[in-house]
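Subject: Structure handover

Hi,

Here is the structure I promised to pass on to you. Please have a look at it first, and then read my notes below.

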Amino acid sequence: DHQSLCTPSFQSIMDRPCQRQQNRRLLLTSILLFTLFLYGVVDQNAVMPRTESDSTHFVQNEAIVVKEKPQAPATANTAVSPPPVVEEKVIEEKGEGIRILCYGDSLTAGMLGIANNQFRPYGPYLEAALKKLQRNKSKDNGSSIVHPVHVNVTGHPGYTSYDLNHWSAHHPPHLNRTLNKFKREDGKSSLDMVIIMAGTNDLFDGSWKDYSISESVISMHQLVLEEHNIPLTIAIEIPDSKEYHGQTSVLKDKDALAQSLQAYAESQPRTTYTPFPFPYTGDEKWAKDEIHCSEMGYKQLGLSLAPVVEKSLQDAGLW
């Protein structure tokens with residue numbers, strides 16, 4: 001009767017075809033998703049949850065390893081990270097190559113602001129630009145061999161030029177100790193050039209009045225050239241900052257440092273002076289603190305330095 005049709009035993013029998021159809025659909029759906037996943041049609045992150053380790057990756061550029069962290073959404077003063085540069089190894093790299101050290105304070109370290117614990121130094125951008133110049137030169141000359149270029153970065157945020165150049169219990173990092181790390185077994189340095197940008201923290205620190213900023217920075221170049229016998233140095237003018245505006249004495253000392261470095265470079269053929277490549281304008285090349293550069297600014301600094309470095313190396317017969 002009608003009541004017997006609704007008993008559990010009969011109902012389960014009637015439901016079996018529907019259940020088999022559902023099982024077939026689930027099976028076909030699973031096979032389809034698995035096939036699409038294998039051929040890369042479905043994003044792995046859409047199927048599998050993203051872990052913390054997935055959000056951190058490393059970009060290795062021969063001697064330099066830069067840890068890339070997830071970026072915050074871009075703002076007016078924040079540049080978007082450039083995509084990784086993939087170069088075809090169409091030209092053989094031969095020999096030890098050219099080794100450069102970028103040394104200085106937080107501007108060399110690539111700090112993206114006082115309250116920002118992220119760093120994007122100009123060194124990797126400089127290295128990539130120099131390698132591109134090398135490859136283009138080799139292709140133009142019909143050569144299949146280039147010398148590798150290695151750019152190392154050492155930056156100490158908050159340190160004055162005096163701190164960077166003198167050892168003390170309070171300021172152990174100093175240039176001489178850094179340069180000693182690049183000595184070969186024969187005692188000679190493996191470096192071909194040291195790029196120095198220092199003096200910004202001296203202007204903000206009242207203790208600078210106890211010594212000459214110009215003499216302090218110039219002595220760093222002398223240490224590189226004379227005591228370590230490294231072939232070349234480049235002196236970069238410290239950048240402008242909104243903090244300097246309206247402070248006549250600070251601006252005067254900043255200009256005096258630039259003039260002293262330029263005069264020293266004119267008297268020392270192994271040193272090249274270069275102005276900072278762009279003024280302070282408060283645009284996207286500057287961080288929110290209006291002292292440091294943004295990632296875009298550090299990139300422009302590295303790219304702007306490449307032809308200066310190339311010419312210095314060429315004049316010395318090292319390029």
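Let me start with the salt bridge between D315 and K311, whose closest N and O atoms are 2.9 Å apart (a salt bridge is a side-chain nitrogen of Lys or Arg within 4 Å of a carboxyl oxygen of Asp or Glu). Both residues sit in helix α11, four residues apart, about one turn of the helix; helices (H or I, at least four residues) and strands (E, at least two) are DSSP runs, numbered from the N terminus. D315 and K311 are each exposed, where exposed means over 50% relative accessible area, buried under 20% and partly exposed in between (1.4 Å probe, protein chains only).

Before I go on, a note on the source: this is a predicted model, in which local features need pLDDT of at least 70 and side-chain atom pairs count only at pLDDT 80 or more, while totals for chains, interfaces and linings use all residues. Residues are numbered from 1 along each chain as its sequence is written, and side-chain values use heavy atoms, with hydrogens and water left out.

The whole structure has six salt bridges. Another one of them joins E127 and K131 at 3.5 Å, N to O. E127 and K131 are four residues apart in helix α5 (residues 123-140), so about one helical turn separates them. Both E127 and K131 are buried.

D283 and K285 also form a salt bridge, with the closest N and O atoms 2.7 Å apart. D283 is partly exposed, at 21% relative accessible area, whereas K285 counts as buried at 13%. K285 also lies over the face of F278, 5.5 Å from the ring centre (for this, NZ of Lys or CZ of Arg must be within 6 Å of the ring centre and within 35 degrees of the ring normal).

On to the rings: there are five aromatic pairs (Phe, Tyr or Trp rings, using the six-membered ring of Trp, with centres within 6.5 Å; planes under 30 degrees apart are stacked, over 60 edge-to-face and the rest tilted). Y162 and Y211 make a tilted pair, 5.1 Å centre to centre with 35 degrees between the planes. F278 and W286 pair edge-to-face, at 5.6 Å and 75 degrees. F278 is buried, with a relative accessible area of 5%, and W286 is buried too, at 1%. Ring pairs link F276, F278, Y280 and W286 into a cluster.

Best wishes
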